[in-house]
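User: I want to learn how to read a model like this, feature by feature. Can we go through it together?

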Amino acid sequence: MNSDVVIAGAGPAGLIAAEQASRYGLKAVLLEKHAAVTDSLMGELVTDKALRLLRIKPDSECVTNKFNRIVGESLDTGAHIAVDRGLLGSSYLLDEDKVQLLLSNRATSNGAQFVFKARADSVVKQGDQVVGVRYNQDQTVRAGLTVGADGSFSRISSTAGFTHPKWLLSYGYRFKLADCRIDDPNTAYFYVGRDVGLGYLWLYPRSRTETNLGIGRVPSSKNNWNALPPMKDVLQKYIREHLGPNARIVNVNGGVVPCAGLIPKFTGAGVALCGNSAGQVSSIVGGGVTTCLHAGALLARHAKRMTEQNDFSARNTVLYEKEYRKTKLAHSIQNTAMGMWAVSRYAMLNDPIAAAEKVLSQLDAKTLNEVIQGHVSPGTAMSLLTDFLPLVARLGMGYVRSIAVVGP
Ligand SMILES: Cc1cc2nc3c(=O)[nH]c(=O)nc-3n(C[C@H](O)[C@H](O)[C@H](O)COP(=O)(O)OP(=O)(O)OC[C@H]3O[C@@H](n4cnc5c(N)ncnc54)[C@H](O)[C@@H]3O)c2cc1C
């Protein structure tokens with residue numbers, strides 16, 4: 001089989017790459033190890049940028065809900081902080097089944113070919129040039145550009161020789177629930193707490209009776225991880241205490257999200273990565289759907305350029321990477337990743353929940369929003385330093401202590 005682009009993985013990054021590449025008239029083949037496109041959007045929370053990338057309106061049937069407020073709260077003390085839409089911009093809940101169908105239908109009607117039950121084993125090389133993918137042990141697709149959109153444990157990445165020296169993974173579960181009691185379906189919640197560990201539990205209501213509920217946790221050390229209750233138990237406890245006696249789970253899924261920011265290099269001769277495989281995830285909130293859609297769409301545009309130029313050399317594929325690294329989303333990913341990295345080191349030997357409690361009870365919504373987005377203005381940085389000097393000093397000392405014991 002020959003094509004212009006072969007894409008491994010039908011998550012949001014691979015789906016949009018296939019949809020956009022085929023829209024540009026490229027011959028695209030998508031290999032997916034599962035029998036169908038399923039469960040690709042996880043929590044389903046996105047920003048309005050995702051809607052623009054998907055070319056859908058807020059009233060589209062692909063959009064289940066819209067949030068007016070996001071609340072950060074401590075499960076232990078109830079300390080909380082609310083960020084409203086004026087500061088945050090709009091946040092939406094997508095319907096994953098409908099979005100998957102939309103992208104798959106658009107791609108296939110443009111001529112893209114989806115091959116299911118096709119597990120990518122490795123890239124195929126001619127000299128240093130990647131020229132396609134070997135899958136299911138003895139099958140091959142040859143292409144000008146090979147795209148690794150095959151998630152956090154990408155085979156394309158590892159066999160093409162990309163590395164991720166600062167790998168920091170967040171492990172998570174998502175439940176979909178029905179027959180719940182939700183007081184305010186237009187508020188999304190992020191909870192911290194002792195049982196949650198280094199991460200957060202989240203509630204994204206779909207309606208007054210249905211919700212997505214999940215948890216994401218980063219292991220700061222094996223001991224710290226083992227001391228925590230299993231993540232599914234933490235979710236079950238939340239359901240019992242908050243969602244009413246009739247709440248029932250209708251779907252469970254889990255996954256892994258990279259939180260250390262962009263990997264050092266994600267393009268080479270004939271090959272490029274996008275999505276989780278390249279670390280294109282906003283680390284602090286673990287949000288990858290919007291960022292993966294953005295990266296996949298950008299890569300498809302470059303695939304068109306490379307195909308027209310018939311040039312898939314490393315010097316040409318790197319133009320995608322260079323443009324990507326200059327985008328606002330990439331800056332936000334890198335800034336929040338630095339924060340996440342520092343917090344995870346701090347948490348090895350110190351108590352991150354006490355620090356989180358302090359932040360929730362003292363920080364204002366505007367500042368919290370800037371920190372989450374990874375765009376802290378100089379003014380905010382100064383007031384953070386002065387208002388939180390004792391906390392900053394404690395964090396600094398704790399961080400230095402961790403570095404001294406476990407290294408950078
Ligand atoms: C519990 C949880 C909740 C989340 N909630 C949100 C949220 O609400 N909002 C948000 O923005 N982000 C969320 N995320 C993060 C987001 O889901 C990911 O960042 C995003 O899905 C990554 O997209 P991707 O296309 O890069 O990879 P993936 O979604 O991981 O897709 C990779 C695809 O490749 C396939 N594949 C893997 N290996 C191979 C192979 N060897 N050959 C062929 N196919 C292969 C997989 O089957 C899969 O279909 C959440 C993550 C988790 C774990």
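User: Which residues does alanine 143 touch, not counting residues up to four places away in sequence?

Analyst: Start with the model itself: it is predicted. A contact list leaves out sequence neighbours and shows what the fold brings together. Alanine 143 touches Ser3, Asp4, Val5, Val6, Val130, Val131 and Gly132. Its own place is in strand S11.

User: Is alanine 143 buried or exposed, and why?

Analyst: Burial is read from relative accessible area, and under 20% means buried. Alanine 143 has 10%, so it is buried.

User: Where is asparagine 2 found, and with which residues is it in contact beyond four places in sequence?

Analyst: Asparagine 2 belongs to strand S1, residues 2-8. Valine 29 is 27 residues away along the chain, with 8.6 Å between the C-alpha atoms of valine 29 and asparagine 2.

User: How do I read the chain as a whole? How many helices and strands are there?

Analyst: The protein chain has 14 helices and 18 strands. Of its 408 residues, 53% count as buried. Take the contacts between residues at least 6 apart in sequence: 72% of them join residues at least 24 apart. The accessible surface is about 17,900 Å², and carbon and sulfur atoms account for 53% of that.

User: Now a charged side chain. Where does glutamate 19 lie, and why does it count as buried?

Analyst: Glutamate 19 lies in helix H1. Its relative accessibility is 1%, so it counts as buried. Next, look for polar partners. The side chains of glutamate 19 and arginine 106 are joined by a polar contact of 3.0 Å.

User: What else does glutamate 19 touch, leaving out residues up to four places away?

Analyst: The list is Arg55, Leu103, Arg106, Ala107 and Asn110. Leucine 103 sits 84 residues from glutamate 19 along the chain, yet their C-alpha atoms are 6.0 Å apart.

User: What about glutamate 32: which side chain of opposite charge is nearest?

Analyst: That is lysine 33, at 6.4 Å. Glutamate 32 is buried but has no salt bridge. Check the backbone too. A polar atom of the glutamate 32 side chain lies 2.9 Å from the backbone nitrogen of histidine 34.

User: Where is glutamate 32 placed, and what is it in contact with beyond four places in sequence?

Analyst: It is in the loop between strand S2 (28-31) and strand S3 (45-47). Its contacts there are Gly9, Ala10, Val115, Phe116, Lys117 and Ala118.

User: Last, backbone angles. What is phi of glutamate 44?

Analyst: A positive phi deserves a look when the residue is not glycine. For glutamate 44, phi is near 75 degrees. Glutamate 44 lies in the loop between S2 and S3. Its relative accessibility is 1%, so it counts as buried.

User: And glutamine 137: what is its phi, and is it buried or exposed?

Analyst: Its phi is positive, about 70 degrees. Glutamine 137 is in the loop between strand S10 (129-135) and strand S11 (139-148). At 64% relative accessibility, glutamine 137 counts as exposed.

Key:
Residues are numbered from 1 along each chain as its sequence is written. This is a predicted model: local features need pLDDT of at least 70, side-chain atom pairs count only at pLDDT 80 or more; totals for chains, interfaces and linings use all residues. Side-chain values use heavy atoms; hydrogens and water are left out. Helices (H or I, at least four residues) and strands (E, at least two) are DSSP runs, numbered from the N terminus. Buried means under 20% relative accessible area, exposed over 50%, partly exposed in between (1.4 Å probe, protein chains only). Lys and Arg count as positive and Asp and Glu as negative; His and the chain ends are not counted. A salt bridge is a side-chain nitrogen of Lys or Arg within 4 Å of a carboxyl oxygen of Asp or Glu. A polar contact is a pair of N or O atoms within 3.5 Å; within protein, one must be able to donate a hydrogen and the other to accept it, and residues adjacent in sequence count only if both atoms are side-chain atoms. Contact means heavy atoms within 4.5 Å. Accessible areas come from the Shrake-Rupley method with a 1.4 Å probe; for residues, only the protein chains shown count as cover.
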